[in-house]
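How do the two chains of this model meet, and how are they related?

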2 protein chains.
Amino acid sequence: METPDETTAPASTAIAAQDWATASGDPRYRAAVIDLLGALAYGELAAFERLAEDAKLAPTLSDKAELAAMATAEFHHFAQLRDRLSAVDAEPTAAMEPFATPLDDFHRQTAPSDWLEGLVKAYVGDSIASDFYREVAARLDSDTRELVLSVLDDTGHASFAVEKVRAAIEAEPRVGGRLALWARRLMGEALSQAQRVVADRDALSTMLVGGVADGFDLAEVGRMFTRITEAHTKRMAALGLAA
Amino acid sequence: METPDETTAPASTAIAAQDWATASGDPRYRAAVIDLLGALAYGELAAFERLAEDAKLAPTLSDKAELAAMATAEFHHFAQLRDRLSAVDAEPTAAMEPFATPLDDFHRQTAPSDWLEGLVKAYVGDSIASDFYREVAARLDSDTRELVLSVLDDTGHASFAVEKVRAAIEAEPRVGGRLALWARRLMGEALSQAQRVVADRDALSTMLVGGVADGFDLAEVGRMFTRITEAHTKRMAALGLAA
């Protein structure tokens, strides 16, 4: 794969100023967005499953109900993305399928062993995914951007997880060390699956580093990963964990 | 426990003609309805968990999405019931808790080993629960009746399950024998847990057989169970299974 030269990146296409009808005239852009929506849709469906699974570990009935409510919110996001895929004449299952294996593998390799690990995982995973999609959304056509931002609406999980995890660490400080290691492992697995997706999905990676959408080039992708990692470190500190 | 004499059952209380504000003046009626809503709420939350769990067994992504949609619908039912419990000044968790063990035990003892067993279980379980609550609802005050009937709205699971199970039996008739045994086991376990609930929950069973609500007496409860069992047999026949 050739590395695109920064000086030739068509930063002037101004995709962000276009709507979907105009922007999707470029078949490379269209394919990239369908990839992106497919990945996001499968991610939401997997998040639904993960939260429903974590609900079983909940120590109280009201914690269980909280997690079930969040799972339900993720399902509604999934349904919005699936409906958008259908609306732009993409087959939702076909769009999601390429992302099923890396996401399933990630979840299998990071199955939480208890309630707190589940909370940390959901919090870390949602936050990183959310940071990434927000960065990408800013460079997309206006219709896709609006959809992506709307499904990234906080489902209330973050503050719930932070509160529970902080309380657990206060009650037993040793828990913090174990959860810090866990968060590091999650970040490592997430990055390794993300690399796999980038290697496998030409349309998506061409958009990310090939200048199909606005203003991305290799250097900018590097800066994006730095920003996401820094935000992760700050969140871990807020949780009372050293990242 | 004394068996109430049929001739003394206060069939003339006409609870069904009253609203909650009036009917709940009787503390025995109030306690019985809170029990009923607690049982139903926990049942919906457990149904959410079970369907989300079954979604993992789905053979295709679109089957998975169908089950996740049904789980989400069950969660919304749960939220309605929980909100009603709060609205009538009952603590939702306290109202649900007595039913957690029998329902969890039922689900543990009838964990489906594959996708088809999961579908049959959800279908059989939902149908029996729905028949039971419909029978009871007809005898409740107008406000509680309306709520109970609204959360029994079909979540679309029945036709989905029937279609998939029939197709599987057509493709491989041997499957029918195994699933028929499975359905019989489910019915047996459901009845045994129901008996346990009736024995443990005085308020609820007093309503069912003690004439606190309209028109129930022991003979009528017997007829109700006969109707529910007959409906089950018919549904199994429609599925292509001998009950």
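Between them, chain A and chain B bury about 1,900 Å², buried area being the accessible area (1.4 Å probe) that two parts lose on being put together, summed over both. Carbon and sulfur atoms account for 71% of this area. On the side of chain A, 29% of the area buried against chain B is supplied by A:F48, A:E49 and A:L61, more than by any other three residues. The contact (heavy atoms within 4.5 Å) takes 23 residues from chain A and 23 residues from chain B.

This is a predicted model, in which local features need pLDDT of at least 70, side-chain atom pairs count only at pLDDT 80 or more, and totals for chains, interfaces and linings use all residues. Residues are numbered from 1 along each chain as its sequence is written, chains are lettered from A in the order in which they are written, and side-chain values use heavy atoms, with hydrogens and water left out.

Four salt bridges are found across the interface of chain A and chain B, each a side-chain nitrogen of Lys or Arg within 4 Å of a carboxyl oxygen of Asp or Glu. One salt bridge joins the side chains of A:K56 and B:E53, at 2.3 Å from N to O.

Chain A can be superposed on chain B by a rotation of 180° with 0.0 Å of shift along its axis, at RMSD 0.0 Å (least squares on the C-alpha atoms of residues with pLDDT of at least 70 in both). The two copies are therefore related as by a two-fold rotation axis. Of the residues of chain A, A:T72 comes closest to the rotation axis, its C-alpha lying at 2.6 Å. Both copies use the same surface, and 100% of the contact residues of chain A recur in chain B.
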